[in-house]
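Subject: Structure for your review

Dear colleague,

Please find below the structure that I am handing over to you. My findings come after it.

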Amino acid sequence: MSTLPVYRWRLAPDGLATRRQLRAVGLRPGGQDVVAQLERPRRRRGPLVAYLYLVDLAKPVRPMTPKRAAALAKANAARRRCPACHMDAGYVIPSSLGMCVPCAHPDEQRVA
């Protein structure tokens, strides 16, 4: 097992990019293996780590089809629906609550 080269924050060589950097220019890793990692030091915790991919081997992002767009809209709508009152909350339900805020805290209703 070989270890990956590690670069410090903002010191990665040209030709390598993170997933987000690839996505910003309309690319995706496309099944290639990670070639290096980037570390951003933090004071009281371990460093933040990002994996780097070769830009030359990256492939274009797949286009959004109507069926994929419909499936994404349905999934996002399910994240907004409260399981307790079955209403659209108007925002994504926090996983920490598991339901909309009025159902989670019924005694703290704001008076307008």
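The notes below cover the sheet, some individual residues and the surface.

This is a predicted model, in which local features need pLDDT of at least 70, side-chain atom pairs count only at pLDDT 80 or more, and totals for chains, interfaces and linings use all residues. Residues are numbered from 1 along each chain as its sequence is written, and side-chain values use heavy atoms, with hydrogens and water left out.

The sheet

Four strands form an open sheet in the order E1-E4-E5-E2, with mixed pairing. Strand E1 (6-8) and strand E2 (16-17) are the edge strands; each has a single partner strand, so one side of each is left without a neighbour in the sheet. Strands and helices are DSSP runs numbered from the N terminus, a strand (E) having at least two residues and a helix (H or I) at least four. Two strands are taken as paired if DSSP finds at least two bridges between them.

E4 and E5 run antiparallel and are joined by five bridges. Within this pairing, Glu39 stands opposite Val49 in E5. E2 and E5 also pair in the antiparallel sense, over two bridges, and Leu16 has Leu54 of E5 as its bridge partner.

Residues of the sheet and its surroundings

Gln37 belongs to strand E4 (residues 36-40). Its relative accessibility is 16%, so Gln37 counts as buried; buried means under 20% relative accessible area, exposed over 50%, and partly exposed in between (1.4 Å probe, protein chains only). The side chains of Gln37 and Glu39 make a polar contact at 3.2 Å. Such a contact is a pair of N or O atoms within 3.5 Å; within protein, one must be able to donate a hydrogen and the other to accept it, and residues adjacent in sequence count only if both atoms are side-chain atoms. Apart from neighbours within four places in sequence, Gln37 is in contact (heavy atoms within 4.5 Å) with Leu4, Pro5, Val6, Tyr7, Val49, Ala50, Tyr51 and Leu52.

Thr18 lies in the loop between E2 and helix H1 (19-24). Thr18 is buried because its relative accessible area is 12%. Residues up to four places away in sequence not counted, Thr18 touches Leu38, Ala50, Tyr51 and Leu52.

Gly30 is placed in the loop between strand E3 (27-28) and E4, and its 24% relative accessibility makes Gly30 partly exposed. The C-alpha atoms of Gly30 and Leu57 are 7.6 Å apart, although 27 residues separate the two along the chain.

The surface and the salt bridge

Leu4, Val49 and Tyr51 make a nonpolar surface patch of about 260 Å². Patches consist of residues with over 30% relative accessible area and no salt bridge, with like charges joined within 9 Å and nonpolar side chains (Val, Leu, Ile, Met, Phe, Trp, Tyr) within 5 Å. Accessible areas come from the Shrake-Rupley method with a 1.4 Å probe; for residues, only the protein chains shown count as cover. Val49, found in strand E5 (residues 48-54), counts as partly exposed at 41% relative accessibility.

The structure holds one salt bridge, defined as a side-chain nitrogen of Lys or Arg within 4 Å of a carboxyl oxygen of Asp or Glu. The side chains of Asp88 and Arg80 form this salt bridge (3.2 Å, N to O). Asp88 is partly exposed at 45% relative accessibility, as is Arg80 at 30%.

Yours sincerely
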